[in-house]
Amino acid sequence: MGMEGYKFESHPVCRKEAVIQGEKYRITMLTPALIRLEYSEDGIFEDRATQSVLNRDFPVPEFKIVDEEDELSVYTEVLELHYNRKPFAANGLMIKVSGGEGGWGRTWHFGEEPEDLGGTARTLDMTDGAKMLNHKLSSRGENPIDERIEGSVPIEHGLMSRGGFSVIDDSRSMVLTEDGWIAPREAGVIDYYFFGYGSRYLDCLKDFYYLCGKTPLLPRYALGNWWSRYHRYTEEEYKELVERFEKEKLPFSVAVVDMDWHLVDDVDPKYGSGWTGYTWNKNFFPDPAAFMKWLHEHGMKITLNVHPADGIRAFEEPYERIAEKMGIDPESGIPVQFDPADPCFMEVYLKDLHHPLEEEGVDFWWLDWQQGTVTKVPGLDPLWMLNHYHYLDSSWKGKRSITFSRYAGVGSHRYPVGFSGDTVISWESLDFQPYFTNTASNIGYGWWSHDIGGHMMGIRDDELMARWVQYGVFSPINRLHSTDNPFNGKEPWKFDKITQSVMEEYLRLRHGLVPYLYTMNRRAHVDDLPLIQPMYYAEPDRNEAYEVHNEYYFGSELLVSPITQPQDRVARVGSAKTWLPEGVWADFFNGMVYQGGRMINLWRNVEDYPVLMKSGAIVPMKNMDDFDNSVENPSAMEVRIFPAADGRFTLWEDTGDTAEDKEENWAATELHYCREQSRFVISKAAGNLEVIPQNRSWKLVFVGVDKSVPTVTVDGEKTEVSTSYDRETSMLTVIVPDTLVTKEICVDFAEGLLMAETNLAERCYKILERAQTPYNEKSRVMDIVEKQGKGAVASLAAMGMNPALFGALCEVITA
């Protein structure tokens, strides 16, 4: 029995012209830089898809074979392979790479472990930063009793390497069969993939995505804010919370209900614990379908937590029908064991256990698997089975597939969203998460969701919470979460007024960013460019790009440098070491303009965050001036433009939750700025116009510019608009009223749109005003800045002031 219908489209058979084969070896030249290496004593080679690899039918690359008596050599434009035709060994199989850093380290001998830039890990459960805790679970299963440090997070290998090559070992992965099931590989077979792309990181990633499958398109709602808390919510309490969010104008698109949606403490001890469950706790949720309908009416999707390890026991409401389907007499009370290696069980598990709950209103599942890697089939990981089949099954109602679970090895990018697990609340955990998220892109894993604010233990630190939410907004998925502790909720009103205002502002910003994020979602799917990209992707030959582990590109237009350390108590600012690539950059929030090509420390108070726009950046957003909780394609748009160079951005929109991604689903609106003409154009929307509003208003914010007067035309006819200028942030705002999306809007600046000069005195004054330093010292600093301008650095250094305050002032003076 198989699982017909539970399959990805795949093309696992390579072109025969790409194969070099002997009695016991097979070498497949997939691209000039990608080689498959197989060895089998029985001469049996695998042409089916595997858990990791789906497609091998690359166009045949050019290569040259030199076949000598004692050695086989193969040459491409970037690789040379030498092999003695014997069992693979370090002294008999070697590949040289043209590309990468310097001349050393570019030769790989079989069996050597490459030194790469890292990939990702299965989970961050029980970690404090990069350190893992040795722990025992409490009776509720969440709070560790023993907090001793045990080791470091085991980050697996990635594809990117300064040495120019990397290796994926696919020898032990299962085969995907034609009937939708899995099968073990032949024992003792070697199956490697050698990536020799040098510093062409994005080329490497693109070919990886073809080999292993594309990143799927996420449903639009996944890109808003998620609310999650491990707490015994009742239906009434959850509704009150959502209504409070609405009253505070705090948007959330996903409601997570942790394990107490089902029976937990009410389970008879004779059945074991209530850790696993599928029966609604009617004391908490008397009418589950009505509750979920209510959430949907309030603009929220719902996901429920499941720990499936204990199977289906006799106390469960669906036990009778599940037992009968599995050939067990319901009268016997014998539990239905969780057995992901049994296709009969998996089909019943999905269709008879989960589908009825989905028919009631569950949108997707949080698969909280924490019980190891063992099944009845040696080498078959139950986590991978859950991810694979739940993801493929989740579209059965005609909606876009999604699941929410931990990472299960190479190829797991096909099953978004990733749940990174239960982390300690600490600055160390916050500091580790950007690095961990960045390197995940090195193995194509682009949609991690972290417990924003941390999960457990630690101490209350309002500044830490503010910084974590800021990072969450500029991370793949923004999901607030906390453990079962009455003091550990992440509701903004539980924090001091400054932190509350920061959390609220940034949660609204995340909701506003959905149009930008959804276009980046499509870009990741169509163009194989993940939302999060480490700095070395764009500048692989710059050493500085490798020194900023936490900094990253956030889509095509923005650069983020997270603050992950406490602020200086005197200067009241935190800092982030930041590499600014060549060009001109503008702060997304305060409009300050920076010259690139240098390393710099960016200093920000707790209300602000280092997010920079590239020259020519165009960032389309939802205008959040009027609150609503919808993530649908908005009728009121905001666009931020940094007009230091020509810029172009195509806003892509569809209904947000279609089962299939078809070209005809999409509407495209092109936004472009021409610096020479000082003209910004919103082109007529094209494609499927049924998925977007007929009319839209546009709030256009030009960042880092002098005050200027625009002329706005709609299809060539002048139209009245309102404008305003904020001198403090050098932002010019133009409000275009409701306009048909089938008309072209042109914003012209007849006198040009000039970049604003940094007002040193005003910006330095703001820094000094907050600083906890003597008033007379502040006055002396202002006197120096006003008199010496950009030449003030040496005089300020001689004052011996607080280093953080000096650094913040220097950032402005040298911008």
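These notebook entries record what I looked up in a predicted model.

**Entry 1. Ground rules.** I number residues from 1 along each chain as its sequence is written, and I leave hydrogens and water out of side-chain values, which use heavy atoms. The model is predicted, with local features needing pLDDT of at least 70 and side-chain atom pairs counting only at pLDDT 80 or more, while totals for chains, interfaces and linings use all residues.

**Entry 2. The largest pocket.** I looked up a pocket as an open set of points on a 1 Å grid over the protein atoms alone, where a 1.4 Å probe fits, with protein on both sides within 12 Å along at least five of seven lines. The largest pocket has a volume of about 1200 Å³, a volume being the space filled by probe spheres set on the points, which are joined across faces, edges and corners. I find 49 lining residues, that is, residues with an atom within 4 Å of a point. Phe589, Asn590, Asp608, Thr729 and Lys766 lie nearest the centre of the pocket. Helix 12 (residues 760–770) gives the largest share of the lining, six residues. Helices (H or I, at least four residues) and strands (E, at least two) are DSSP runs numbered from the N terminus.

**Entry 3. Strands 27 and 30.** I checked burial next, where buried means under 20% relative accessible area, exposed over 50% and partly exposed in between, with a 1.4 Å probe and protein chains only. Strand 27 (residues 574–580) is largely enclosed by the rest of the structure, because five of its seven residues are buried. Strand 27 pairs with strand 30 (residues 598–604) in the antiparallel sense over seven bridges; pairing requires that DSSP finds at least two bridges. Opposite Trp579 I find Met599 in strand 30.

Entry 4. I traced an open sheet of five strands in the order 32-33-38-42-41, with mixed pairing. Its edge strands, each pairing on one side only, are strand 32 (618–622) and strand 41 (722–726). Strand 32 pairs with strand 33 (residues 636–641) in the antiparallel sense over five bridges. Within this pair, Pro620 stands opposite Val639 in strand 33.

**Entry 5. Strands 17 and 18.** I return to burial with strand 18 (residues 301–306), which is mostly covered, five of its six residues being buried. Strand 17 (residues 254–257) pairs with strand 18 in the parallel sense over four bridges. Here Val257 faces Leu304 of strand 18 as its opposite residue.
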